[in-house]
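Biologist: Can you walk me through the charged pairs in this one? Keep it short, please.

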Amino acid sequence: MSEEKKRILDLVRDGKVSVDEGLRLLEALDNSTQDGMSPSGRLGGSYGRMLRIRVLDTSDNTRVNVNIPLALAKVAMKFIPKDVSKQLEDEDIDLDQLLATITESTAGKIVDVDSEDAKVKIYVE
């Protein structure tokens, strides 16, 4: 079993996603590998590429590391809470356009914030 499938099953086990949501993620993962390309491989396109988000809150040393396979990013966007989606809309942030830009771009840094209170890095590799 692939590492990605194990992660999805762990999310279901831990109650972080519902069984239905986990099934959709597994189906999306299977669909991304039907072309014979492993999502963990380092091949071109969005296959094998990861959106990596790193946050460090320097006030209490809290760290957040999120790795999303680009092949699953569109499905993962469905799990964004409605209140967060509304806030993003209020700020004129179009998640669909952002995802399209990320999946079409080459690997590299998207956001790099280094302030007194926090460090945030978002990149594709």
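Modeller: First, the rule. A salt bridge is a side-chain nitrogen of Lys or Arg within 4 Å of a carboxyl oxygen of Asp or Glu. Bear in mind that this is a predicted model.

Biologist: Fine. How many salt bridges does that rule give?

Modeller: The count is six.

Biologist: What does lysine 109 pair with?

Modeller: Aspartate 112. Their closest N and O atoms are 3.3 Å apart, so the pair meets the 4 Å cut-off.

Biologist: Is lysine 109 buried or exposed?

Modeller: Lysine 109 is exposed, at 62% relative accessibility. Aspartate 112 is partly exposed, at 40%.

Biologist: Which other lysine forms a salt bridge with aspartate 112?

Modeller: Lysine 121 does, with the closest N and O atoms 3.0 Å apart. Lysine 121 is partly exposed, with a relative accessible area of 39%.

Biologist: Switching topic. What about arginine 52?

Modeller: Arginine 52 forms a salt bridge with glutamate 125, and the closest N and O atoms are 2.7 Å apart. That pair links distant parts of the chain, 73 residues apart.

Biologist: Where do the two residues sit?

Modeller: Arginine 52 is in strand β1, residues 50-57. Glutamate 125 is in the segment after β4 (118-124).

Biologist: And why is arginine 52 called buried?

Modeller: Because its relative accessible area is 12%, and buried means under 20%. Glutamate 125 is partly exposed, at 38%.

Biologist: Last one. Which residues form a network?

Modeller: Asp10, Arg13 and Asp14 are linked by a network of salt bridges.

Key:
Residues numbered from 1 in each chain as written. Predicted model: local features only at pLDDT ≥ 70, side-chain atom pairs only at ≥ 80, totals over all residues. Heavy atoms only, no water. Helix = DSSP H or I, 4+ residues; strand = E, 2+ residues; numbered from the N terminus. Buried < 20%, exposed > 50% of the residue type's maximum accessible area, 1.4 Å probe, protein only.
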